[in-house]
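Please read the following note alongside the model; the points go from confidence to surface to aromatic packing.

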Amino acid sequence: MSADIGLRLNPILVHEFERQMRSRYTHLALTVYLVVVGSLAVLLYTTSFLSSTRTVGSNGAVGAAVFYFLVGVLLILTTFIVPAIAANAISEERQSLTLDLLRLTPSGGGYIVGAKLAARFGFAVLLLIVMLPLFSLAFMLGGVELRDLGIAVGIVLMSMLTYLLIGICVSAHAKTTAGALALTYTIVLSTAIGTPLIALLNAATLFGRLPTSPQDISAALAVLLDAATNAGLGVSPISTTVFALSGLASGTNIWLNVSFSGSAVLPTPLIFFIAIHLISSAVCYAAAVRRVNAPD
């Protein structure tokens, strides 16, 4: 039965999954990763518990601290580790002179890119899954709700998909794996860290320089600036997660908010994040498929 299923699957996908999951380095990386993160989570729990006063709600504060720490680890994993998983997806085939052989298969560029993406996304999701039991410690102590975890995991999964596709797209166009890795990290870090910082700095600088008359021009500029700030924050999973979780904690609307001028209702960074990452993923996938199908 399993053999029949395997034969019906894309052979490139089967090969990629076997190579990704049967490697001893995969199991070693998962073990070390889980031991380190679990030890740090327990250490944080012990430190927070011993330093907190024994009052009503103190356990909730400790649980929230553990939860935010684990979410931070997921964001670091997504930003700094996931892009490296995909940066060699196509470039290693080109360097090994096997890309032309893959092109000769009846699968086509779509199946090649899809197989590379599926194998790497499966490994990235596995890194997320092995962390989920650690979140039970936070829920046991209280201070967080299931919706907080759902929002955080949703942002992380969408970011993983986008960053993997960025890496595959860059890898498809790069001649070497080193060049693909460098360019992938440049794109990911500039969008995940640089863009929200620029958005916040521009907002803080320009809001003090808006014209005061006529009033309608000032209000329009304020709305545009606020929308641009939300869009800039929505590019990054880090700033989007901070906004969404802080909004849930304070009970504010995480989907729509009122502009600083009070004259319009705008999409929040979470809405911009979903739109930007869906569009970016589609564009990167199409560009990678087109490059794989094109002869060198």
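1. pLDDT is the predictor's confidence in each residue, from 0 to 100. The protein chain averages a pLDDT of 84, and 84% of the residues score at least 70. Over residues 1–7 pLDDT stays under 50, and the model has one contact beyond four places in sequence for this stretch, a contact being heavy atoms within 4.5 Å.

2. This is a predicted model, in which local features need pLDDT of at least 70 and side-chain atom pairs count only at pLDDT 80 or more, while totals for chains, interfaces and linings use all residues. Residues are numbered from 1 along each chain as its sequence is written, and side-chain values use heavy atoms, with hydrogens and water left out.

3. Leu43 lies in helix α3 (residues 24–51), helices being DSSP runs of H or I with at least four residues, numbered from the N terminus. Leu43 is exposed because its relative accessible area is 52%, where exposed means over 50%, buried under 20% and partly exposed in between (1.4 Å probe, protein chains only).

4. Rings of Phe, Tyr and Trp (its six-membered ring) pair if their centres lie within 6.5 Å, with planes under 30 degrees apart counted as stacked, over 60 as edge-to-face and the rest as tilted. This rule gives three aromatic pairs. Phe67 and Phe135 are edge-to-face, because their ring centres are 5.7 Å apart and their planes stand at 65°. Phe67 belongs to helix α4 (residues 58–86) and Phe135 to helix α8 (residues 132–141), so the pair ties together parts 68 residues apart in sequence.

5. Phe67 is buried, at 0% relative accessible area, and Phe135 is buried at 1%. Ring pairs link Phe67, Tyr68, Phe135 and Phe139 into a cluster.

How values were computed: Helix = DSSP H or I, 4+ residues; strand = E, 2+ residues; numbered from the N terminus.
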